[in-house]
Amino acid sequence: MRLTRKRLCSFLIALYCLFSLYAAYHVFFGRRRQTSAASLRGLRKGAAPARDRRGRVQSSLGSEEWNPWEGDEKYEQQHRFKTSLQIVNKSTKGKTDFQVQIWGKAAIGLYLWEHIFEGLLDPTDVTAQWREGNSIVERTHYSFITGPAVVPGYFSVDVNNVVLILNGREKAKVFYATQWLLYAKNLVQTQKLQHLAVVLLGNEHCNNDWINQFLKRNGGFVELLFIIYDSPWINNMDVFQWPLGVATYRNFPVVEASWSMLHNERPYLCNFLGTVYENSSRQELMNILKQEGIDKLCLVSVREQEAALCSGKTELWSQTKPKPCLCTYYLGTLRKQVT
């Protein structure tokens with residue numbers, strides 16, 4: 001009897017030791033296995049749905065605490081995360097850091113808005129009294145207004161940054177442009193406007209001294225000046241040269257820049273297509289081109305008075321240009337370096 005009791009106690013002690021060893025193994029090594037399984041599941045997160053389900057089944061079979069609703073819970077978590085991400089995107093979409101309004105009081109404003117910003121105008125009727133458009137570039141919102149109804153003091157100004165587009169090519173236009181600058185000056189003085197830039201269609205003979213007093217470097221309020229035609233003021237700091245662009249009233253199409261336009265070789269050094277009047281600067285230009293022999297390096301097609309020389313045929317030069325002229329202009333622009 002004592003022997004049997006002794007064997008029973010030894011068996012219980014051995015069983016207790018085995019159970020202790022199993023418990024210790026499960027505590028110290030079971031966590032490490034679960035951690036590695038979780039990391040493997042994380043690596044498989046971007047796999048296909050079938051593979052993801054197969055991974056979940058394998059991990060479930062290898063785990064003692066299997067949750068039959070684990071797939072549904074994960075799907076709900078992913079759905080909640082995706083929904084919250086969409087809400088964040090909707091709340092941040094359209095947010096801008098700056099607002100700039102462009103007042104187009106010269107035809108070159110249409111070139112800026114339609115050909116550079118590639119913006120649209122409402123209404124599309126070019127004879128409308130008031131036309132406007134909006135465009136967002138990165139985190140800056142640009143609005144554009146133009147038309148005869150855009151008159152100083154007769155529209156609300158709710159922005160701090162304005163680009164004013166003016167025509168200063170002749171005396172009558174200079175007087176009109178000065179009225180706009182005086183209006184902008186009043187807005188700056190009353191703190192309704194903080195920053196002003198001007199895009200100016202300058203004088204072909206560089207007689208633009210009238211705007212000099214409005215520049216900020218001379219005690220004025222115009223911080224930046226973009227001027228068409230050459231000027232000794234250009235320093236690429238506060239005065240910049242601006243391209244003349246295209247004659248928007250001739251309905252030139254908006255052409256998107258392509259790789260070939262930017263990188264293809266251009267065989268012509270320059271081109272000149274236009275009307276040459278007697279005793280004009282253009283006639284002097286043609287004489288210089290011929291004397292220096294540059295006309296042989298450039299694409300030159302001229303007309304005298306109102307007659308256009310297009311592909312060997314004399315036709316009237318109207319707003320609806322003959323197709324040969326348009327073709328010559330288009331090809332010349334693509335194949336030259338300087339216009």
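A: Let's start with the labels H and E: helices are DSSP runs of at least four residues, strands are DSSP runs of at least two, and both are numbered from the N terminus. Keep in mind that this is a predicted model. The protein chain comes to 8 helices and 12 strands.

Q: Where does asparagine 236 sit in that scheme?
A: Asparagine 236 is in the loop between E6 and strand E7, which covers 239-242.

Q: Why is asparagine 236 called exposed?
A: The label takes a relative accessible area over 50%. Asparagine 236 has 57%, so exposed it is.

Q: What makes the backbone at asparagine 236 stand out?
A: Its phi is positive, about 60°, and asparagine 236 isn't a glycine. Most residues other than glycine have a negative phi. Glutamate 138 also has a positive phi, about 55°, and glutamate 138 belongs to the loop between E2 and E3.

Q: How do you know whether glutamate 138 is buried or exposed?
A: Check the number: exposed means over 50%, and glutamate 138 has 76% relative accessibility, so it counts as exposed.

Q: What makes the bond between aspartate 122 and proline 123 worth a look?
A: Omega is about 0° there, and the peptide bond is cis. Most peptide bonds are trans. You'll find proline 123 in the loop between H4 and strand E2 (131-137).

Q: Why is threonine 140 called buried?
A: The cut-off for buried is under 20%. Threonine 140 comes in at 14%, so it passes. Threonine 140 lies in strand E3, residues 140-146. Beyond its neighbours within four places in sequence, threonine 140 is in contact with Thr96, Phe98, Val100 and Ser135.

Q: And why does valine 162 get its label, buried or exposed?
A: With a relative accessible area of 2%, valine 162 is under the 20% cut-off, so buried is the word. Valine 162 is part of strand E4 (residues 161-167). Setting aside residues up to four places away in sequence, valine 162 touches Gln101, Trp103, Leu193, His195, Leu196 and Ala197. Take leucine 193: it is 31 residues from valine 162 in sequence, yet the two C-alpha atoms are 7.7 Å apart.

Q: Which residues does valine 198 contact?
A: Leaving out neighbours within four places in sequence, valine 198 contacts Leu164, Leu166, Leu181, Ile211, Val222, Leu224, Leu225 and Phe226.

Q: Which residues of helix H4 are buried?
A: In H4 (residues 108-116), they are Ile108, Gly109, Tyr111, Leu112, Trp113 and His115.

Q: How many residues line the second largest pocket, and what kinds are they?
A: There are 28 lining residues, and Ala107, Leu110, Val126, Arg131 and Thr248 lie nearest the centre of the pocket. The lining divides into 14 nonpolar, 10 polar and 4 charged residues.

Terms used:
Residues are numbered from 1 along each chain as its sequence is written. This is a predicted model: local features need pLDDT of at least 70, side-chain atom pairs count only at pLDDT 80 or more; totals for chains, interfaces and linings use all residues. Side-chain values use heavy atoms; hydrogens and water are left out. Buried means under 20% relative accessible area, exposed over 50%, partly exposed in between (1.4 Å probe, protein chains only). Contact means heavy atoms within 4.5 Å. On a 1 Å grid over the protein atoms alone, a cavity is a set of points where a 1.4 Å probe fits but cannot get out, and a pocket is an open set with protein on both sides within 12 Å along at least five of seven lines; lining residues have an atom within 4 Å of a point. Ala, Val, Leu, Ile, Met, Phe, Trp, Tyr, Cys and Pro count as nonpolar, Asp, Glu, Lys and Arg as charged, and the others, Gly among them, as polar.
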